[in-house]
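Trainee: I have a new model open and would like to learn how to read it. Could we go through it together, one feature at a time?

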Amino acid sequence: MQRRIQKSRFNFLINVSLVLASGLISLFLFDWVFIKYENTFLQSSSQDIQVLENETFDLASLGFKEKTVSASKTPNTIRILSIGDSFAYAAVPAPYTYSDVLESVLNQTEDDRNFEVINLGIPGISFPEYLAQFEFWSSRLDFDGVIFNFYTGNDLVDMEWLPYSKKEEIRFKNGEFHIGKGTWVPRLYPFRFLDYAKAYYSMYMPKVQEFLYSDSQTIKRASLFTWHHALSNNIIAGTENLKLPPFYIKAMRRASIAYRLNKAERTRNGYLWLLAVMELAQKTIESGKFALILNSPSNLAFSKNIQELISELEGIPEGTLDPHLPGAMVAVLAEMLQFKGGIIDPLDCLASYAEAGKELYFSNYSDTHWTREGNEIVGRILADHILKDWLKIERSEEFPVCPDVEGSPKKNRLGAEIALSTYKAWLTEQP
């Protein structure tokens, strides 16, 4: 009797193990098939990008906002590559991105040349992918200049778990990057289909809208599903008094790390990766081309209400958040590298518009990016710098965006001296 009971238990355990093993194998097989589907229909590898028969690239089919672009350009054309993450891609449609605005403004000048700005922004990427992006496109497209845009809100802290090394830099430069609609969906779970399930759930379950709205926005913009999300318009049409949804608070708390000197260690890798991008821009300049680095600030840098809320949630004294700290850090790195390119820190210029009541970021907190008006201003700031410092073209009286505001980062801000000694120490320690 005892043997029969033991045998029965053993068989039960065997059966349970088989069921669990079968379930896991099924999950892995399903996820493998799903990844194949994603790679085939929703995203592509840079290794698969091919020039068409007419020597063009169909960027629209790859998930970019651009359409078709020629590999070569006419001698009369000045072409600028715009590289960055979702801020470069922009949360607004063409022709309202800052790349479109920049191209439009440059072509309005009394100059015989034709200006072309190619928006190569990809949501969700950071410094290592910027290196890979530039290595790829600069070898396939004729160009005269490049703009590297990084977002203070997450680019710096995103590198916290990826230490910089020359070996890693070379690996990314020689590696691939992914593009397409699938790149909009954040990678959060071991199984890729779960990432889509969470995003899909956020679109169609009203009770979780407030918590998962950022995912529903990415899915909606990427048009991964054909069904219309009826509630999204109501959310987008919110008012100034709308409370910050949890995803926005989370994003601002994360962004606060870059504005706190006592959290400098968490942004160390980010600044070292930025330095690698800056060195690549320097080599580009030495080859006879033009390079700009654009520091895109977070809404946290402008909104006193958000600053007060984040200070309370983080348990830090008011005034701990220094909106000028990232600009000071970048200025220190540029000085150490003797960077010859332009560094655009639009913080003070944008602040002057924010104080005047302009809506630079979505006032309903449905999105962390620039509005059409924000993109318009940034595009004009870039055009102002390019015309003045690169092309040496005289600007019209109506053109200046912030005539009384300096657009370069400030080295004399709070923490700059500490930043200088800190980053010099970091640079001597890097592998």
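Trainee: Let me start with a pair of side chains. In what kind of contact do the side chains of Lys166 and Glu169 meet?

Mentor: Good place to begin, and keep in mind that this is a predicted model. In general, side chains of opposite charge can pair when their charged atoms come close. Here Lys166 and Glu169 form a salt bridge, with 3.3 Å from N to O.

Trainee: How far apart are Lys166 and Glu169 along helix H6?

Mentor: The general idea first: an α-helix has 3.6 residues a turn, so residues three or four places apart point the same way. In this case, Lys166 and Glu169 are three residues apart in helix H6, so about one helical turn separates them.

Trainee: And are the two residues buried or exposed?

Mentor: Take them one by one. Lys166 has 39% relative accessibility and counts as partly exposed. Glu169, at 2%, counts as buried.

Trainee: Which residues of H11 does H6 meet?

Mentor: On the H11 side they are Trp273, Ala276, Glu279 and Leu280. H6 contributes Lys166, Glu168, Glu169, Phe172 and Lys173.

Trainee: At what angle do H6 and H11 pack?

Mentor: Look at the two axes. H6, residues 166-174, packs against H11, residues 268-286, at about 60°, and the axes are 11 Å apart. That angle makes H6 oblique to H11. The crossing of H6 past H11 is right-handed.

Trainee: Back to salt bridges. How many are there by this rule?

Mentor: The count is 15. The side chains of Lys73 and Asp144 meet at 3.2 Å, N to O. Lys73 is in the loop between strands S3 and S4, and Asp144 is in the loop between helix H4 and strand S6, so this pair ties together parts 71 residues apart in sequence. Lys73 is partly exposed at 23% relative accessibility, and Asp144 is partly exposed as well, at 21%.

Trainee: Which residue forms a salt bridge with Arg260?

Mentor: That is Glu314, at 3.0 Å from N to O. The pair links distant parts of the chain, 54 residues apart: Arg260 lies in the loop between helix H10 and H11, while Glu314 lies in helix H12. Arg260 counts as buried at 4% relative accessibility, whereas Glu314 is partly exposed at 26%.

Trainee: Which residues are linked in a network of salt bridges?

Mentor: Glu38, Arg192 and Asp195 are linked in that way.

Trainee: Let me try another helix. Which residues of H14 are buried?

Mentor: For burial, the cut-off is under 20% relative accessible area. In H14, which spans residues 347-355, the buried ones are Leu347, Asp348, Cys349, Leu350 and Ala351. Part of their cover comes from helix H15. Just after H14, look at Gly357, which has a positive phi of about 95°.

Trainee: And how should I take in the whole chain?

Mentor: The chain has 16 helices and nine strands. Of its 431 residues, 51% count as buried. Among contacts between residues at least 6 apart in sequence, 77% join residues at least 24 apart.

Terms used. Residues are numbered from 1 along each chain as its sequence is written. This is a predicted model: local features need pLDDT of at least 70, side-chain atom pairs count only at pLDDT 80 or more; totals for chains, interfaces and linings use all residues. Side-chain values use heavy atoms; hydrogens and water are left out. Axes are lines fitted to C-alpha atoms, for helices over the stretch in contact, and angles run from 0 to 180 degrees between N-to-C directions. Helices (H or I, at least four residues) and strands (E, at least two) are DSSP runs, numbered from the N terminus. Angles under 35 degrees count as roughly parallel, over 145 as roughly antiparallel, 65 to 115 as roughly perpendicular and the rest as oblique. A crossing is left-handed if the near helix is turned anticlockwise from the far one by less than a right angle, and right-handed if clockwise. Contact means heavy atoms within 4.5 Å. Buried means under 20% relative accessible area, exposed over 50%, partly exposed in between (1.4 Å probe, protein chains only). A salt bridge is a side-chain nitrogen of Lys or Arg within 4 Å of a carboxyl oxygen of Asp or Glu.
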